[in-house]
Amino acid sequence: MSILSIENLSISFHGREGITRAVLNASFKLDKGETIAIVGESGSGKSVLCSSIMGLLPMPPARIENGTIEFQGQNILTSDNRQLRGLRGNRIGMVFQDPMTSLNPYLKIKNQITEPVCLHQRMTAKAAWPLAIAMLNEVGLPDPEQIMNLYPHQLSGGMRQRVMIAMALINKPDILIADEPTTALDVTIQSQILKLIKKLQREYNIAVIFVSHDLGVVAGIADHILVMQQGQIVEQGTPDNIFYKSQHPYTRNLLDSIPVRAKTEKFIANSADTKPLLTLQHLRTWYQSNDNELFRSGRNLVKAVDDVNLQIFPGETLGLVGESGSGKSTLGRSVMRLVQITDGKILLDDRNLAELSASELKLYRREFQMIFQDPYASLNPRMTIFDALSEALQIRGALSESTIHEEITLLMNDVGLDPASIRKYPHEFSGGQRQRIAIARAIALKPRLIIADEPVSALDVTIQAQILDLLLMLVKKNQLTMLFISHDLSVIRYMSDRVAVMYQGIIVETGDTESLFAQPAHPYTKTLLSAIPLPDPIRERARYRQVNVKSSEPHITP
Amino acid sequence: MLKFILFRILQAIPVLLIVITVTFALVHAAPGGPFDSEKKVSPEILKNLNERYNLNAPVYEEYLDYLSSLLQGDLGPSFKYVNRSVTEMILTGLPSTLELGLYAIMIALMIGISAGLLAAVRPNTWIDYVCMSISMLGICLPSFLMGPLLVVVFGIWLEWLPVSGWGDSRWDWVLPSFTLGFAYAAYIARLTRGGMLEILSQDFIRTARAKGLSEARIVLKHALKGGLLPVVTFLGPAFAGLLSGSFIIETIFQIPGIGRLYVQAAFNRDYTMIMGTTIFFSVLIVVFNLLSDIIAATLNPRISYQAKQ
């Protein structure tokens with residue numbers, strides 16, 4: 001029997017720019033103990049749908065156009081604030097995407113986790129204490145007594161998400177709504193959290209609504225999948241039906257955008273007769289950190305990059321993969337000398353870039369160009385595209401107005417943008433288009449090396465695939481050499497000729513892509529590979545049969 | 001934390017030294033001396049006076065003398081008030097100024113925080129607009145206008161409150177404290193509104209709603225601590241400014257505080273008194289800034305102060 005039923009629900013937002021239809025005629029039922037996954041890209045209305053179940057939509061501007069939401073016979077849409085507050089955190093728990101910002105930084109964990117108990121079960125904080133400890137134990141956190149007395153910033157991302165889950169489940173709700181609960185987490189932590197949710201759901205017999213943009217993540221966890229596009233549920237069915245027999249073109253599109261294809265032409269670096277373009281020797285970037293990590297306090301020496309030896313050959317794409325905090329971005333920045341390096345050599349044409357003075361460095365920097373993660377933040381909002389690109393071109397020397405125009409038109413064509421739009425400002429473009437602009441700016445100088453630091457991780461999956469294909473095309477056409485940094489193993493596999501795996505500042509393994517993925521040698525690489533969620537329900541379900549859900553950060557020593 | 005406080009106190013020493021030196025230079029560079037007056041004083045008397053107060057020596061010697069007596073905690077004798085030391089006069093004026101400042105800051109906090117909270121909880125409604133317009137008025141109206149205006153309305157027309165004096169009647173603190181506090185209330189209201197609006201838009205407020213908390217509880221328990229941080233950092237300099245800026249109020253309302261001493265000393269070219277009051281106010285500013293930093297650190301667990309090495 002269903003505990004939640006949504007029928008013919010339409011929600012729209014009435015803003016200054018007119019009416020936006022966020023959810024259109026959505027209907028589904030949720031049974032006790034069942035897991036429904038809602039999958040869609042940003043703006044598809046999946047988060048709005050979730051908020052409406054909790055009665056958390058800001059009204060106005062949001063408005064329910066038609067439909068009903070019924071929770072155990074109670075009509076959510078006609079309930080008053082008091083009745084809704086009685087459900088929230090009590091019968092319906094919610095976990096949000098970003099555990100960094102979803103916990104109150106000014107309050108200790110104990111104040112936050114006991115709050116729902118005190119509120120809904122009318123207990124004192126003291127009476128709620130053992131419940132909270134038990135719950136923190138349940139979510140696999142070590143030493144709950146100590147964690148209760150900490151502030152959120154003293155915990156790691158995975159631990160915070162465990163606290164969020166404990167907080168949402170402490171009143172044993174009937175429904176858990178998890179809105180992208182693992183998107184902000186590393187892949188190994190993600191698989192731990194997914195297993196945890198699955199385990200708790202079985203234990204407490206909770207119904208789960210799991211929202212994600214990532215089909216791979218939901219493959220093993222869902223009993224039923226809804227695919228949303230522009231406010232509409234375009235397809236729904238069991239995972240096996242969705243993954244193996246999908247009919248709808250949008251679902252097919254989503255599945256195809258998961259980069260699993262292998263590159264056909266591989267660049268083979270022959271170190272015997274090819275001279276490397278760039279060589280890193282014993283590169284170290286250390287810095288002092290002031291933040292108090294859990295169980296550690298005071299000043300720490302952070303070895304962000306520690307004794308790294310790496311070669312990049314002309315014409316190859318070297319993938320650098322690692323989780324957050326592994327030092328991969330610092331390594332990229334160290335090569336550019338955007339951060340102060342501690343020790344070691346960066347050799348380009350037998351010259352050591354680590355020793356260059358500021359003015360010499362300026363000349364060398366044009367040989368390297370970077371593409372950054374966030375195309376919203378890395379383009380100056382007050383410069384038109386023409387300004388941004390011509391500024392890059394001017395570095396090559398004084399060019400005439402007409403040459404600049406020609407070059408920019410060529411660049412825009414290269415990256416698949418309309419040359420007529422060069423007078424526009426960054427905010428007039430979508431995320432994917434902005435990343436194309438950033439790519440155009442990077443290749444404008446015809447650099448010898450491009451450092452791409454997580455260039456697609458801020459983008460939706462279908463856009464991701466387009467940007468990756470664009471990069472591949474440009475690499476081939478212009479014989480670019482690229483250091484491609486990403487946390488996403490499937491993206492790395494898609495893009496790279498060779499792969500270097502980084503863990504806690506150290507390169508633990510390098511190898512050519514195919515053999516590294518087929519036969520990982522280092523235990524960390526193995527852990528990483530086994531944590532990738534696959535868009536394959538049968539293989540994913542097998543993974544959930546293992547029951548180890550303890551938090552284990554940091555998990556492996558290199 | 002202790003290290004941070006020690007470091008900040010050490011940091012204050014060069015600041016104070018610069019203040020002393022610059023004030024000393026300015027005071028001596030200004031035309032005239034402490035014993036010039038409309039009445040001609042006979043040269044002998046002037047010579048004796050200069051000798052008694054050690055003004056015949058070269059300026060640098062005078063400066064060093066001053067510094068060394070300052071190190072012993074001696075601010076010197078007043079040049080204008082015979083047989084009274086600067087320290088003594090400051091101590092006499094301090095209670096009134098401190099009392100006035102305390103009342104003013106309490107009024108400022110009460111009005112400012114409540115107005116700011118109201119505005120933040122109902123943004124872009126008439127409540128918000130009224131609160132913010134009044135606070136704009138408070139920022140724009142200078143206290144030398146505000147003071148007499150309040151006196152005319154509440155003292156003379158309505159005859160509700162005494163128009164001047166200090167400690168003579170039960171209610172004579174109201175008008176001066178309110179005049180002094182109002183401008184700060186206005187700033188505090190704006191800071192509170194801004195801080196609260198920012199906090200209320202954070203993700204963790206959504207989490208609090210999802211727990212089923214009432215709006216009042218969300219504001220008071222989850223948002224207030226972070227929302228008031230800008231106010232706290234403003235309070236230190238504000239209180240110091242309140243004390244040193246009270247001379248207008250003290251003059252309007254005839255209050256025997258330090259503010260008045262300060263202004264009179266400047267007019268009288270009372271060298272030691274100018275130096276003494278300036279140093280006193282500088283110390284106040286340093287101390288209150290430090291205090292507000294400490295309070296901010298206790299409110300915000302993410303701040304950890306550490307002395308740079």
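Trainee: Is A:His282 buried or exposed, judged by the other C-beta atoms within 10 Å?

Mentor: A:His282 is exposed, because 11 other C-beta atoms lie within 10 Å. The cut-offs: 20 or more other C-beta atoms within 10 Å of a residue's own means buried, 12 or fewer means exposed, and anything in between is partly exposed, with C-beta atoms placed from the backbone. Bear in mind that this is a predicted model, in which local features need pLDDT of at least 70, side-chain atom pairs count only at pLDDT 80 or more, and totals for chains, interfaces and linings use all residues. Residues are numbered from 1 along each chain as its sequence is written, while chains are lettered from A and ligands numbered from 1 in the order in which they are written.

A:His282 sits in strand 11 of chain A, residues 278-289. Strands here are DSSP runs of E, at least two residues, and helices are runs of H or I, at least four, numbered from the N terminus. The backbone deserves a look too. A:His282 is not a glycine, yet its phi is positive, near 50°.

A:Lys172 also has a positive phi, about 50°, and is not a glycine. A:Lys172 lies in the loop between helix 8 (157-169) and strand 7 (175-179) of chain A. A:Lys172 counts as partly exposed because it has 13 C-beta neighbours inside 10 Å.

Now the wider chain. Chain A splits into domain 1 (2-256), domain 2 (271-288 + 297-367 + 450-534) and domain 3 (374-446). Those bounds come from an automatic or database domain assignment. The centres of domains 1 and 2 of chain A, over C-alpha atoms, are 35 Å apart. Between these two, 14 residues of domain 1 are in contact with 13 residues of domain 2. Contact means that two C-beta atoms, placed from the backbone, lie within 7 Å. On the domain 1 side, helix 9 (187-204), helix 10 (215-218) and helix 12 (249-256) of chain A each supply at least two residues. Helix 9 of chain A has the largest share, 4 residues. By class, this side has 4 nonpolar, 7 polar and 3 charged residues. Nonpolar covers Ala, Val, Leu, Ile, Met, Phe, Trp, Tyr, Cys and Pro; charged covers Asp, Glu, Lys and Arg; the others, Gly among them, are polar.

Next, a sheet in chain A. It is open, has 6 strands in the order 16-17-18-13-19-20, and its pairing is mixed. Strands pair if DSSP finds at least two bridges between them. At the edges are strand 16 (368-371) and strand 20 (506-512) of chain A, each pairing on one side only. Inside the sheet, strand 17 (449-453) and strand 18 (482-486) of chain A pair in the parallel sense over 4 bridges. One partner pair is A:Ala452 with A:Phe484 of strand 18.

Then the packing. The largest nonpolar core has 132 residues, of which A:Ala166, A:Ile177, A:Ile209 and A:Val218 touch the most other members. A core is a set of buried Ala, Val, Leu, Ile, Met, Phe, Trp, Tyr and Cys residues joined through C-beta atoms within 7 Å. Helix 7 (174-200) of chain B gives the most to this core, 13 residues.

Last, the chain contact. It takes 24 residues from chain A and 19 from chain B. Helix 8 of chain B gives the most to the chain B side, 6 residues.
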